[in-house]
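Please read these notes with the model open beside you.

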Amino acid sequence: MMGMVFGFSGQKASAVTVGFPNAKSAAGAVQASYFYEKSIKEPVQKIMSAQEQTLRAVAVSIAPKIEYSPNTYPVGQCTWGAKELAPWIGNNWGNANDWAISALSLGFDIGTSAKVGAVMVWSDGGYGHVAIVTDVAADGMIQVQEANYAGNPAVGNYRGWFDPAVESAYAAISYIYAPTQIN
């Protein structure tokens with residue numbers, strides 16, 4: 001199968017050849033990678049960054065809405081496991097990859113540093129993944145409790161100590177911090 005050509009105005013190259021898995025050269029794979037980085041990944045990151053900045057500005061005036069209600073996430077999913085471990089989490093935050101933005105819009109603090117009790121949010125994959133941070137070492141290694149890791153529906157510590165920067169090299173990681181005053 002031949003590659004497809006996409007034209008983009010305003011870029012140095014007027015067309016980028018996108019290689020497919022059966023591309024006949026390494027050049028096709030490099031072009032596909034370039035296309036992904038410049039035409040998809042970077043613009044999406046800019047949009048998400050702009051949305052986050054807007055939500056942060058609004059969230060400053062919002063006190064976090066703490067919701068102690070029965071867990072309505074599907075049993076065995078990572079979202080269910082996180083809500084079981086941290087009942088302050090809301091029920092309608094969406095898929096795991098939506099949680100950081102949902103929490104921020106409700107006034108919760110989010111960031112990029114692990115803290116005990118925080119919800120760790122991975123944005124990769126179709127739905128993302130969430131876990132609760134249970135321990136943070138001085139060297140940055142962490143431990144988490146999670147459900148639906150490697151298909152295991154029970155909540156547990158399946159990874160032991162791990163470096164989130166290494167294990168999650170292809171994912172955007174964020175943390176939702178537990179409110180300081182939980183009712």
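1. Five aromatic pairs turn up in a search of the whole structure. Rings of Phe, Tyr and Trp (its six-membered ring) pair if their centres lie within 6.5 Å; planes under 30 degrees apart count as stacked, over 60 as edge-to-face and the rest as tilted. Tyr 73 and Trp 99 have ring centres 5.4 Å apart and planes at 45°, so this pair is tilted. Tyr 73 lies in the loop between helix 1 (26-59) and helix 2, and Trp 99 lies in helix 3 (residues 99-105), so the pair ties together parts that are 26 residues apart in sequence. Helices (H or I, at least four residues) and strands (E, at least two) are DSSP runs, numbered from the N terminus.

2. The model is predicted: local features need pLDDT of at least 70, side-chain atom pairs count only at pLDDT 80 or more, and totals for chains, interfaces and linings use all residues. Residues are numbered from 1 along each chain as its sequence is written, and side-chain values use heavy atoms, with hydrogens and water left out.

3. Are Tyr 73 and Trp 99 buried or exposed? Buried means under 20% relative accessible area, exposed over 50%, partly exposed in between (1.4 Å probe, protein chains only). Tyr 73 has 7% and is buried; Trp 99 has 0% and is buried. Ring pairs join Tyr 73, Trp 88, Trp 93, Trp 99 and Phe 108 in a cluster.

4. A charge sits over a ring if NZ of Lys or CZ of Arg is within 6 Å of the ring centre and within 35 degrees of the ring normal. Lys 115 has its charged end over the ring of Tyr 177, 4.4 Å from the centre. Arg 159 lies over the face of Phe 162, 5.1 Å from the ring centre.

5. Five strands form an open sheet in the order 3-7-4-5-6, with antiparallel pairing. Strand 3 (110-111) and strand 6 (142-145) are at the edges with a single partner strand each, so one side of each has no neighbour in the sheet. Two strands pair if DSSP finds at least two bridges between them.

6. Strand 7 (residues 173-176) is joined to strand 3 by two bridges and to strand 4 (residues 119-122) by four bridges. Ile 176 in strand 7 stands opposite Ile 110 and opposite Val 119. Which residues cover the two faces of strand 7? Ile 173 and Tyr 175 are on one side, Ser 174 and Ile 176 on the other, and all are buried.
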